[in-house]
Amino acid sequence: MLSSCVRPVPTTVRFVDSLICSSSRSFMDLKALLSSLNDFASLSFAESWDNVGLLVEPSPPHTVNTLFLANDLTEEVMEEGLQKKADLILSYHPPIFRPMKRITWNTWKERLVIQALENRVGIYSPHTAYDAAPQGVNNWLAKGLGACTSRPIHPSKAPNYPTEGNHRVEFNVSHTQALDKVMSAVKGIGDVSVTSFSARFDNEEQTRISLNCTQKALMQVVDFLSQNKQLYQKTEILSLEKPLLLHTGMGRLCTLDESVSLATMIDRIKRHLKLSHIRLALGVGRTLESQVKVVALCAGSGSSILQGVKADLYLTGEMSHHDILDAASQGINVILCEHSNTERGFLSDLRDMLGSHLENKINIILSETDRDPLQVV
């Protein structure tokens, strides 16, 4: 619980403090900052179930001088943020996830919202958008393995289709048919892009028509083509997929340049995460001297991402008991480091990257009280 000595900082006091700092520090308008954060790592990369973006917004206009970074926004971390005069808190994990039916002083998450609004502090969470990003959490985690090549286990899809619409319709028009009439008709339908080229079909020179269209336009195209039985019978309709992004997505499958023993890999991971202990499940038939060449990793909770992936080692924060048994039975070693221990170290890199991305226009600081709730005792 937050110490009773902490009181909401009056707006007038914070305004005076802002004036004192304005001569030496720059500010960014909140909306401009949010746009820059989305340019750094698009929220479109986030999983559909996630709750990302701006979660708490002070009444506009709101300027940001200090951006405060944390992995988990607890009440202790909020107290630290207020003491350090944060204007926006970037909490990797969203403190608001399930819908709130009321905002009272009864639960700690409700109290976070109250304190943020009373002190004019915004709360922003990127979560799985940063997991997927090429320069994000999973890439940072992979840095601890040693020299390797990596790719996403589950690649993200591009936010937009490469062409207009999400359907492609193709059909042939013979030279005996009214080509100009057909082309004029399909071009007259909105949200349609049309291309044509010569093609030989059944030893006859014909014109191949290919058009991309939206779902709404598709119905109009089909309605037109169905009026001509000869066209309609040989019409192909394809559903287009958004292209996969090569370096963006969930988890990473990493192939080391040189194999190392499991014992060596454990030392590397401990050093990278600054941990004295990790949890290890040896795969069946494996020892600490067994060689590791391929590592499948997922920051946080990796069961759903790592399941079924062929690798010598799974690296994640936490997995269910039965998923560990399944992996071990296949000879796959499993290393667990606790959930947020596989994420929090990324924030130091994030501070530097955002500083450069934002051209050092604002002050960016790391929480010193943020820590994993579990300890080895």
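1. Disulfides. In this predicted model, the count of disulfides comes to 0. A disulfide is a covalent bond between the sulfur atoms of two cysteines. For Cys 298, the closest cysteine sulfur belongs to Cys 254 and lies 11 Å away, which is too far for a bond, given that a disulfide requires the two sulfur atoms to be within 2.5 Å.

2. Burial of cysteines. Cys 298 counts as buried, because its relative accessibility is 7%, under the 20% limit for that class. Cys 213 is buried as well, with a relative accessible area of 0%.

3. Helix H3. The buried residues of H3 are Glu 75, Val 77, Met 78, Glu 79, Glu 80, Gly 81 and Leu 82. The elements that cover them include helix H4 (108-118) and the strands S4 (66-70), S5 (88-91), S6 (122-125) and S19 (363-366). After H3 comes Lys 85, which has a positive phi near 60°.

4. Is Lys 274 buried or exposed? Lys 274 counts as exposed, because its relative accessibility is 74% and the exposed class begins over 50%.

5. A cis peptide bond. Pro 60 and Pro 61 are joined by a cis peptide bond, with omega at about 0°. Pro 61 is located in the loop between strand S2 (53-56) and strand S3 (63-64).

6. Leu 245 and its contacts. Leu 245 belongs to strand S13, which covers residues 244-250. With a relative accessible area of 24%, Leu 245 is partly exposed. Which residues is Leu 245 in contact with, leaving aside its neighbours within four places in sequence? They are Phe 45, Pro 155, Ser 156, Lys 157 and Ala 158. Ala 158 and Leu 245 are 87 residues apart in sequence, yet their C-alpha atoms are 6.1 Å apart in space.

Notes: Residues are numbered from 1 along each chain as its sequence is written. This is a predicted model: local features need pLDDT of at least 70, side-chain atom pairs count only at pLDDT 80 or more; totals for chains, interfaces and linings use all residues. Side-chain values use heavy atoms; hydrogens and water are left out. Buried means under 20% relative accessible area, exposed over 50%, partly exposed in between (1.4 Å probe, protein chains only). Helices (H or I, at least four residues) and strands (E, at least two) are DSSP runs, numbered from the N terminus. Contact means heavy atoms within 4.5 Å.
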